Amino acid sequence: MWSRSSSSRRQGQVTTADGDPERVLRQVQDLSDWLLANPQINGCNTFENLHFFLRTSKFDVDRTKKKLKNFYQMRAERPEWFDNRDPKLPEMQELLNLGVFLPIGADAEQRMVVVIRTAAHDPKLHTQNNVFKTSKMILDLLLKLEPETCARGMVAILDMQGVQLGHALQMNPKLIKRSVESWTAYPCQPKLLEFTNAPRHVNFFLNTFRIFMTPKIRSRLLLRREGTSVICDQLPKELGGQGLSYKELSLKWKQLVEQNADFYVEQDKYKSQLK
């Protein structure tokens, strides 16, 4: 629980929907008290975390509580993604080197852009669950390092270059459902899911994704044969931009993940107590 006496120090850190910092401070205190009264949720009770969830829930306290509950329940229910997140594990090292999930910076609307390389890994060597685990390690760190940009929403470019049947076979309906649910459980909302370099038969594959998407998320899905519609000064060379290459981005984020190994130890404490 963060102290009410810290309110004056928090004033300069508060982002509000209506220009009323005091109201937001009361809302965050409400969320903090609620977490303390519901220890089974076992959520991170820092001001920064609760304010981020509140902000990305449009300063609706009830909506924020639901989001917090779903987020920490997901973390408990998916140990294959959220347990033992040691960057030095061989399987993590390999996937970090490959660059399966690469944040690149803000787009023209100041939303965070990430590139998800759906076929960067070898399905004979790497499980899809480990791919998701690595991706969520980077996503969690991204929320810590770039909260302002992430709070405005996420733009995901899913580069399908090199996708093969083996990649598609890894993504069974159960795993697809969990993947879609995880995106909506996170506090940062996906504003665009753009699939690019997509093979001709990709619609058959994407139809399974659409089944589990809400109408709002489904309306934000875009399919392109090549290139991207995203306007971003830092687009990587592989997508026609002047930013860092996939290889350079992979190295950058591998180093950041390794430098923040303690962050994962701390974050792994926060997950709901399942009945």
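**Exercise 1. Work out what kinds of residue line the largest pocket of this predicted model, and where they come from.**

Step 1. Start with the classes: the lining of the largest pocket divides into 26 nonpolar residues, ten polar ones and two charged ones.

Step 2. Now put a volume on the space itself, which comes to about 740 Å³.

Step 3. Look towards the middle. T118, M171, F195, F205 and F209 are the closest to the pocket's centre, out of 38 lining residues.

Step 4. Trace the lining back to helices and strands. Two or more lining residues come from each of β2 (112–117), α7, α9 (165–170), α10, β4 (190–196) and α11 (202–212).

**Exercise 2. Helices α7 and α10 both turned up in that list. Find out how they are oriented relative to each other, and which residues make the contact.**

Step 1. Get the geometry: α7 covers residues 128–145 and α10 covers 173–185, and they pack at an angle of about 5° with their axes 12 Å apart.

Step 2. Compare that with the cut-off: angles under 35 degrees count as roughly parallel. So α7 and α10 are roughly parallel to each other.

Step 3. Pick out the residues that touch. On the α7 side they are Q128, N129, F132 and K136, while α10 brings L175, S179 and S182.

Step 4. Sort them by class, and this contact of α7 with α10 comes out as two nonpolar, four polar and one charged.

**Exercise 3. Describe the largest cavity: how much space does it hold, and which element gives the most to its lining?**

Step 1. List the lining: L95, L96, G99, V100, F101, L102, I138, S250, W253 and K254.

Step 2. The top contributor is α13, with three.

Step 3. By class, the cavity lining has seven nonpolar, two polar and one charged residues.

**Exercise 4. Locate D268 and find its partners.**

Step 1. Find its place in the chain: D268 lies in the segment after α14 (261–267).

Step 2. Skip the neighbours within four places in sequence, and D268 is in contact with R75, F82, N84 and R85.

Step 3. Zoom in on R85: its side chain makes a polar contact with the side chain of D268, at 3.1 Å.

Technical notes:
Residues are numbered from 1 along each chain as its sequence is written. This is a predicted model: local features need pLDDT of at least 70, side-chain atom pairs count only at pLDDT 80 or more; totals for chains, interfaces and linings use all residues. Side-chain values use heavy atoms; hydrogens and water are left out. Axes are lines fitted to C-alpha atoms, for helices over the stretch in contact, and angles run from 0 to 180 degrees between N-to-C directions. Helices (H or I, at least four residues) and strands (E, at least two) are DSSP runs, numbered from the N terminus. Angles under 35 degrees count as roughly parallel, over 145 as roughly antiparallel, 65 to 115 as roughly perpendicular and the rest as oblique. Contact means heavy atoms within 4.5 Å. Ala, Val, Leu, Ile, Met, Phe, Trp, Tyr, Cys and Pro count as nonpolar, Asp, Glu, Lys and Arg as charged, and the others, Gly among them, as polar. On a 1 Å grid over the protein atoms alone, a cavity is a set of points where a 1.4 Å probe fits but cannot get out, and a pocket is an open set with protein on both sides within 12 Å along at least five of seven lines; lining residues have an atom within 4 Å of a point. Grid points are joined across faces, edges and corners, and a volume is the space filled by probe spheres set on the points. A polar contact is a pair of N or O atoms within 3.5 Å; within protein, one must be able to donate a hydrogen and the other to accept it, and residues adjacent in sequence count only if both atoms are side-chain atoms.
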